[in-house]
Amino acid sequence: MTEPATVKAALTSQSIETPSWAYGNSGTRFKVFARPGVPRTPQEKLDDAAKVHEFTGAAPTVALHIPWDTVDDYAALAAHARDRGLTLGTVNANTFQDDDFRLGSVCHPDPAARRKALDHLLACVDIMDATGSRDLKLWFADGTNYPGQDDVRERQDRLAEALAAVYERLGDDQRMLLEYKLFEPAFYTTDVPDWGTAYAHCLKLGPRAQVVVDTGHHAPGTNIEFIVATLLREGRLGAFDFNSRFYADDDLMVGAADPFQLFRIMYEVVRGGGLTADVAFMLDQCHNIEEKIPAIIRSVMNVQEATAKALLVDRESLATAQRTGDVLEANAVLMDAYNTDVRPLLAEVREEQGLDGDPMAAYRRSGWATKTAEERIGGQQAGWGA
């Protein structure tokens with residue numbers, strides 16, 4: 001059985017990156033519901049993110065999305081983050097909201113469109129240089145809708161060429177994180193549809209190319225923890241995008257509907273050494289009908305709770321049951337950990353850090369929502385730009 005002090009130490013060191021876009025207006029393809037107090041600038045997004053970190057103690061980095069977070073001075077934006085106890089994290093490229101990318105971006109049949117997409121990716125690396133960010137995250141909406149629309153193999157060649165150019169541009173301490181998606185917006189073929197395709201491209205590029213596992217990007221019934229275990233075993237799990245898939249991919253709170261799946265994933269992370277490896281734990285969510293900051297706080301807490309339960313698995317007893325073929329006992333060991341109420345333990349961890357044991361209650365008492373609703377009048381609220 002893992003000692004409580006060891007569990008506490010692991011939880012204290014855990015860091016969960018929050019996404020800048022989750023603080024803005026976002027939602028389904030049908031409707032985005034605006035809320036009072038939503039940030040209007042990247043700086044105000046960081047102000048909100050600082051509140052999440054203030055009350056959880058576990059969210060010190062914020063991912064940017066370009067061009068949604070474009071500013072004139074990225075070094076100044078990084079300084080703004082530092083002044084609020086944060087650092088700027090992953091830079092996310094956007095090659096899916098430009099008219100020139102109607103038939104794809106880096107896989108487009110037109111070399112001019114491919115060049116435009118590649119220039120954007122390289123510009124994102126320039127931004128990383130200015131912000132001190134380690135990771136560039138790439139997700140491509142590229143694909144085809146009709147049989148015969150384009151050459152499937154040639155599109156893979158174009159993708160490989162672009163990825164190689166970006167990889168060559170990275171600094172020695174920078175990484176490329178390649179995300180995959182089962183479907184959408186192209187439904188006949190998707191150019192990076194699964195972890196195997198992402199892994200194959202990363203393998204050819206080199207060790208600083210890693211795969212992103214987005215928990216919402218799989219077919220129903222997919223064993224995500226198997227994917228996690230395999231990528232960890234191969235040293236190619238670079239990051240998570242945590243969410244729940246019940247908007248299809250419009251990304252509800254992680255662990256909201258299937259916390260047992262999140263626990264199983266986190267057990268494989270613990271088992272595979274992912275807590276101490278260079279795996280980035282990020283949220284990729286939107287909050288349309290719920291308050292944004294409380295939803296992000298709750299998401300951070302959900303990841304923490306799943307991690308705590310995973311750390312409590314009696315691995316010696318589990319290994320014994322597995323070796324002896326005791327199927328029911330092996331399952332019972334996992335279930336004992338999952339059924340443990342870890343909320344008191346996490347409250348202790350927070351209080352030992354000088355935080356309130358209940359981040360949600362602390363946020364409610366802070367009055368931040370009322371303050372921002374009163375002060376953020378005028379201008380244009382940030383949104384996902386669809």
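**A helix residue and its surroundings**

A: At a relative accessibility of 47%, D157 counts as partly exposed; on this scale, buried means under 20% relative accessible area, exposed means over 50%, and partly exposed lies in between (1.4 Å probe, protein chains only). The model is a predicted one, in which local features need pLDDT of at least 70 and side-chain atom pairs count only at pLDDT 80 or more, while totals for chains, interfaces and linings use all residues. Residues are numbered from 1 along each chain as its sequence is written, and side-chain values use heavy atoms, with hydrogens and water left out.

D157 belongs to helix α5, residues 152–169. Helices (H or I, at least four residues) and strands (E, at least two) are DSSP runs numbered from the N terminus. Along the chain, D157 and D110 are 47 residues apart, and their C-alpha atoms are separated by 14 Å.

Salt bridges come next. A salt bridge is a side-chain nitrogen of Lys or Arg within 4 Å of a carboxyl oxygen of Asp or Glu, and the count by this rule is 29. D150 and R158 form one of them, with their closest N and O atoms 2.8 Å apart, and both of these residues are buried. D150 and R158 also belong to a network of salt bridges that links them with E154, R155 and D191.

The side chains of R134 and D135 meet in a salt bridge of 3.2 Å, N to O. R134 counts as partly exposed because its relative accessibility is 30%, whereas D135, at 3%, counts as buried. In the other pair, E375 and K371 have their closest N and O atoms 3.0 Å apart. Because these two lie four residues apart in helix α14 (residues 368–375), about one helical turn separates them. K371 is partly exposed, with a relative accessible area of 35%.

The next subject is a strand residue. L136 is found in strand β4, residues 135–138, and counts as buried because its relative accessibility is 0%. Contact means heavy atoms within 4.5 Å. Leaving aside neighbours within four places in sequence, the contacts of L136 include V91, L121, C124 and V166. L136 and A63 are 73 residues apart in sequence, yet 9.8 Å apart in space, C-alpha to C-alpha.

Finally, there is a pair of helices to consider. Two packed helices are described by the angle and the distance between their axes. Axes are lines fitted to C-alpha atoms, for helices over the stretch in contact, and angles run from 0 to 180 degrees between N-to-C directions. The axes of helix α8 (residues 259–271) and helix α11 (residues 327–338) come within 11 Å and cross at roughly 110°. That makes α8 roughly perpendicular to α11; angles under 35 degrees count as roughly parallel, over 145 as roughly antiparallel, 65 to 115 as roughly perpendicular, and the rest as oblique. The contact is made by P259, F260, F263 and Y267 of α8 together with L334, M335, A337 and Y338 of α11. By class, this contact has eight nonpolar residues, no polar ones and no charged ones. Here Ala, Val, Leu, Ile, Met, Phe, Trp, Tyr, Cys and Pro count as nonpolar, Asp, Glu, Lys and Arg as charged, and the others, Gly among them, as polar.
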